[in-house]
Each structure stands twice: as C-alpha cells, then as structure tokens.
Amino acid sequence: MRNAKAWWPLGVALLAYLPFLSQAYHIDDTFFLAIAEHIRTDWTHPYGFSYNWLGTVQPTSLISANSPLFSYWLAGVIAVAGRAEWVLHLACFPFVAAVVVAMQWLGRRFHVSPAAAALLLIATPAIMVSSHTCMPDLASLAGYLLALAWFIHGYDRERWPWMVAAGVAAGFSALCRYPGLGVLVIWGLYALLQPPRTARRVGLGVLAGLVALGVFGAWCAISYAQYGEAHPATAARFIALWSDPMDAFGGRIFTTLAYLGGATIVPPAFAAVLPGHRSRARWLNLGCLVVAGAVAALLMLVWHYTLSQGLLAALFIWAGLAAVALLAGRPLMRDVWARPWTAQTRDQLFLAAWGLFVLVPLCLPIYFPAVRRMLPLVAPIVLLFLRRLQTRRSRAVPMILVATALLGLVVSAADMAQANVYRHFVEEKVPTLGLSPERTRFAGHWGFQYYMERAGFRPLDQFRETVQPGELVLLAYQPWPQVTVALDDIPLVPGTRMTSRDGATVILVPPIPWLPIRTVSWISHAHFYSNRHVGRSLALLPYSVSRAPLDVFVLNRAKPPNSLEGS
C-alpha cells in the first residue's frame, strides 16, 4: 500500500505530460539541440563550433550560460531514437519523475502530504510549462531537489552513502545549469538550523560538498584545457553583457513578483495563507492590494497596458507579495524571535531561508528574468503553503490543487500553441511562398530558427552580411534578435491573407478562437521567458489574454535596415 501511495503521483504526472509530447521545439531548445548535434560528431569538444544564435556567428563557448551536460543527454537520445519532438520530450520525462520523487521525500520530511506536495509542485505553470521544453531547467531542478532530499536524509540519519549521492546530484544540477550549485548553500542553512551539529554530521556535510565540488571542478578543468578558461567564468562574462544595472529600478522587482504570483500556485489561493492573526492578515492583504494597484496604474499610464492587462498585473503582483509574506512574514516577525526554537520552528525557518536565498538574486539586475529561472523557488513556497494551509483550511487543498493544475494545463496549451506557430509556418506556409534557400535569409530564432535551418535556410548574419538586391529576408517578428520592423507598418487585425506593402509581404497568424491565453505576446505585454519584448516593451506578465495575431512574419524584398532591436 505504501508503494502504491508513493508511485501513483508519477502516473498522474505522466498523464498530464503525454498531451504535450508533440509540442514543437521552442525558445532555447534550438540552441541545446545544435550543441547536441555537434556532440554527435565530436563528443570530446562540445563547444568546438560556432553558431549564429544572437544575430551573428560566434564561438558557442562564448554565448552559452550553461555547461553542455544536458546536451549530451539529448545527443545520446538522438543517436538511439532520432530527433522527433515526441522522442526528445519523452526522453525528458525522467527529470519530471525525479522532481516528483524528490518532492515526495521533502514533503514527508516537512510534515505535509507527500502526494499533495509533489502534485502541487508539478501542477504550477512554472514547472508544467518548463517541463515541455528541451532546455536544462527541469533536469537541473531534478538534481537540485534530489541533492537536497538526499542530503537531509543522510544528515538526519548520519549515513555517508546518502551524502555521496547528494553530492553527485548537486554536481549534476550544476552541470545542467550553473546556479544549481547554490544547493550547497541550502545544505549549510539546514545544517545550521538542525541540531545537534556533531563532528560526524559536519564531516558528512563536508563530504557531500567535496563530492559536488569535485564533479563541478572536473568540468572546470576540462573546459579550461579546451578553451583556455574555465567555462563558468566565460558564462559569467556572457551574463554580465545581458545585465542592466537600472533594471532593478525599472521593473525587475515587480516582474519577479508577477512571475511569482502568476506562475506558481493559482493566484487567489494565496489569500488563504497570509500570515498573522485575522486582523493583521487583513491589513497585510490591504497593503499588498494597494501596492499592486499602484503598479498596475503605472503600467497603464506609462506602458499603455489595457485595463484587463492592468488588472491581471495587479492580481499577479498581489499574489507575489502574498508569497513573499509567506516566506518572510511569520518566520522573520515571530518565529525567529521565539525561544527556544522547536523542531517545527526550525523547519519553518529553514524553508523560509531557502526561499529567500533563491528569491533575492532574482530581484537583482543580473541577467534577464524568466519564469524558468525561479524554478528552485517554487518548492519551498509549495511546502510553506501546504504547512500553512493544513493548520487553517486543510479541506481546501484538493480544490486548490485542481485549480492550479487546470491553470497549468491551460497555460501549457497556450505555450504549445505559440511554439507550434513556427513549425506550422515553415512546413506549411514557406513552401507556398516559393522561397529558395540560396536567395533567402531569415532573421529571428527560437523554434523558428530550428525549423528554418532544418528546411535548408540560413540565418542572416546581421554584422557580417549585406543583403544584395534581389535577395529576400524572412523575419519572424517575436523571436529576437532580428532586423528592425516598425510596428506601424504591421496591421494588427487578425487574418490569414497576405498583403504587399513597400516591397514587403506581411503574413499574419490568426489567434486560436477558443484559446486567448498568450505566453509570448508583445501586444498583451506577456512573456514567460523574459521581461523585455519586441521594441523594448516591458512584458511584466508571465501570460496574458489577447486576440491579436499569434505572430507576424514579414518577407522583405528590400535591403533591411542596419539597426538591431531585440528584447
């Protein structure tokens, strides 16, 4: 019976995963697949080639913010079963399963229903949408959560095999995405808050850390030997190029709050867990609403958000503030001052410290924000949410779980529809345009680049090439970087007809009537994968509602402008 209880959430996760196996490659899938294809030809030098990913051909080692371990996994799968979308998506499900298993361990340890913890985690839009891509975020999260679960298990029971396993899992997480190494800090927080700190326990913690650093250090040494510099240092410089010191004052914090409130647990549910007594909770709730409303009003006045978009932003920011209150309200205002600390208090403080450690860097102007960068934050929020809820409204858990799952499925369907636009356009529409790969370049990446390259077309090198008279440039408007196209030159009325204007053919992809949700839309200020969109508009919403075209393609028959505009 216990085994059945442990395994049935995996069956639910698989059932929710299967409808999205055919999703087209999306966002950065193309980049990791390009590395995987190269690994198949030279597995000892994963970054030993150049690629046009940011508008011009560059060495891959200079434009990658992660290590190539996940691409090795993709390369192995491609070598055995091919590169069909359903094959690679199915090959990524083991990481989803690992997240489910690890979250059950953590749920059991922190005294909430293991099944509820695991299912609520994977039901959130942040996790569910990210699980349908071929990017390393879910793989890194799987290693991260397993490393934490195994460390806690080994530390509490003083068993060294679990600590070695935790170190290997932490190394795996870091070699999928470098921030995964931050789990070592979470280990330290747990050790500090969980007595007794015996010499044996300290030694076991050091052992786990040495194993993790050994795995990570091996890749640093290999990359140094191959490229003359440890790749994490190269990645740090690349990230610095995309960091805007003014971003923290221009929406970074509120973008993070909107992502947190809109892409984790269904937003209205946070009203049930605001910390404090009833009167204090009401005041805290009112304060969150005032801040959220003020930001929404500013967005409507300055960034021209519509009323519906402003209301959605207010809801998401309010829920994000409530989530922060869940992390920092009661733990910092009451629990930290309580003496002596009970076991329950220590667990509460640990979960809060874990969440805050992940949250604070997300609010700093380091790299651009994206929902997938906050995945390690979702787990402590889910655990704190369930711990809080079971003391108040335990009967509400199934209802909130179902509501969150429905939200996750709807947002995932919207993201799948957006991804499929580019595959359908290249496979169905491009052949009708009579384009020749020899005379046509394209601009724009994401999945659009993958399918155009598969069809034999070459991306325009915007810094090394000049389009000659008679040559064509096919531009996808939303996937950046790209050649500038003025918004005023593109009609925004949905339709399927092609119009010719000033030598350019404009093709509109109409919306899906029954699915107005958008995860990527410059018109509705939504972007699940960045807070900056076409034209530098502030895309604060992780998803929004719109009936505008899914995307606009422009076949330019004239020389493109020299300026570059991206998000």
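## Overall fold

The chain holds 19 helices and 14 strands, taken as DSSP runs (H or I, at least four residues, for helices; E, at least two, for strands) and numbered from the N terminus. This is a predicted model: local features need pLDDT of at least 70, side-chain atom pairs count only at pLDDT 80 or more, and totals for chains, interfaces and linings use all residues. Residues are numbered from 1 along each chain as its sequence is written, and side-chain values use heavy atoms, without hydrogens or water.

Of the 567 residues, 58% are buried, meaning under 20% relative accessible area with a 1.4 Å probe, protein chains only.

## Strand S13

Strand S13 covers residues 551–556; six of its six residues are buried, so the strand is largely enclosed by the rest of the structure. Asp551, Phe553 and Leu555 are buried on one side, and Val552, Val554 and Asn556 are buried on the other. In a regular strand, side chains alternate between the two faces of the sheet.

Strand S5 (residues 472–476) runs antiparallel to S13, with four bridges between them; pairing takes at least two DSSP bridges. Leucine 474 has leucine 555 of S13 as its bridge partner.

## The largest pocket

The largest pocket has a volume of about 1000 Å³. It is lined by 45 residues, and Arg177, Pro179, Ile239, Tyr367 and Arg373 are the closest to its centre. Helices H2, H8, H12, H16 and H17 each give two or more residues to the lining. H12 gives the largest share, five residues.

Technical notes
Buried means under 20% relative accessible area, exposed over 50%, partly exposed in between (1.4 Å probe, protein chains only). On a 1 Å grid over the protein atoms alone, a cavity is a set of points where a 1.4 Å probe fits but cannot get out, and a pocket is an open set with protein on both sides within 12 Å along at least five of seven lines; lining residues have an atom within 4 Å of a point. Grid points are joined across faces, edges and corners, and a volume is the space filled by probe spheres set on the points.
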